[in-house]
Amino acid sequence: MMLAIPSDVVLTELIRDVAAAEILPRFRNLATHEVRAKSSPLDLVTEADIAAERLLTAALSSLLPGSRVVGEEACEAAPQTLDWLAGSDPVWLVDPVDGTVNFAHGRECFAVVIALCLGGATVAGWIYDPINARMVRARAGEGAWQEDAGGTVQRLRIAAPEQVAAMSGSLPYRLASALRTRAATHAVVLPRQISRVGSTGREYAELARGQLDFAAYTRLKPWDHAAGVLIHQEAGGYGRLRAGPTPYRPSPLIGEGTLLLAPTPDAWQRLDAMLG
């Protein structure tokens, strides 16, 4: 199926407009009743998430007739919508505020993340940083690109450090803790820096820009990863699920495997061995 994907000019304008209308005015300006916990105190939703997703859902459906939209917040109430990813219709995946905990606490690290999927594959992805008005995007087979607030566009290409000891990356707390424990008792060389910023979208943008060299994720919600994996790949990076290893594909199932992103296949193998 050939998709008439809306232009990046149209998508970028839409995402910027929604962020300006519904997200940025609420940043550091949320009333108590505009924030609530979902599954835990660290799983939050705000009025910005809900309002932005509502606008994006209506606009994306209109831009691509016949498409469906799976939004993170709508999926909370209707998880069966994830089954659309296994169907034949194009599916937009929307995370309206990726990094909601950061957003709710006034930290400038969050993003709007959108992916377009068809037949179990991601065909395009956009990650927007509202604070810096910076868009990172990719379409399958067309490279990864960044557009800044002034409209300057540049192609993103990853350049890899040769040694793990020179790399910086992002790991879940438990994986990072286990790695440090192993390093204390075995001949394991630690990366230069291990961190976590609380926004998967922002980390994928840093991976594509080469500001992060690697990352691993263990809770694989499709709206968190579909866009980022494609953008990273189109920037020259290499990502696989450690089981197999197998390529990542957006799935109706929210898996518990480990997705590892690295600059090259060789670096992936070395990082995989390091993680044990």
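In which strand does Gln146 lie? Gln146 belongs to strand E8, residues 144-147; helices (H or I, at least four residues) and strands (E, at least two) are DSSP runs, numbered from the N terminus.

Colleagues, a word on the model. It is predicted, with local features requiring pLDDT of at least 70 and side-chain atom pairs pLDDT 80 or more, while totals for chains, interfaces and linings use all residues. Residues are numbered from 1 along each chain as its sequence is written, and side-chain values use heavy atoms, leaving out hydrogens and water.

Let us return to Gln146. With 8% relative accessibility, Gln146 is buried (under 20% relative accessible area, with exposed over 50% and partly exposed in between; 1.4 Å probe, protein chains only). Setting aside neighbours within four places in sequence, Gln146 has contacts (heavy atoms within 4.5 Å) with residues including Arg134, Val153, Leu156 and Arg209.

I turn now to the aromatic rings. Rings of Phe, Tyr and Trp (its six-membered ring) pair if their centres lie within 6.5 Å; planes under 30 degrees apart are stacked, over 60 edge-to-face, and the rest tilted. The count by this rule is six aromatic pairs. One of them, Phe27 with Phe110, is tilted, at 5.2 Å centre to centre and 50 degrees between the planes. Phe27 is in the loop between helix H1 (8-23) and strand E1 (35-37), and Phe110 in the loop between helix H4 (100-104) and strand E5 (111-118), so this pair ties together parts 83 residues apart in sequence. Phe103 and Phe110 form an edge-to-face pair, 5.0 Å centre to centre with 85 degrees between the planes. Phe27 and Phe110 are buried, and Phe103 is buried with a relative accessible area of 0%.
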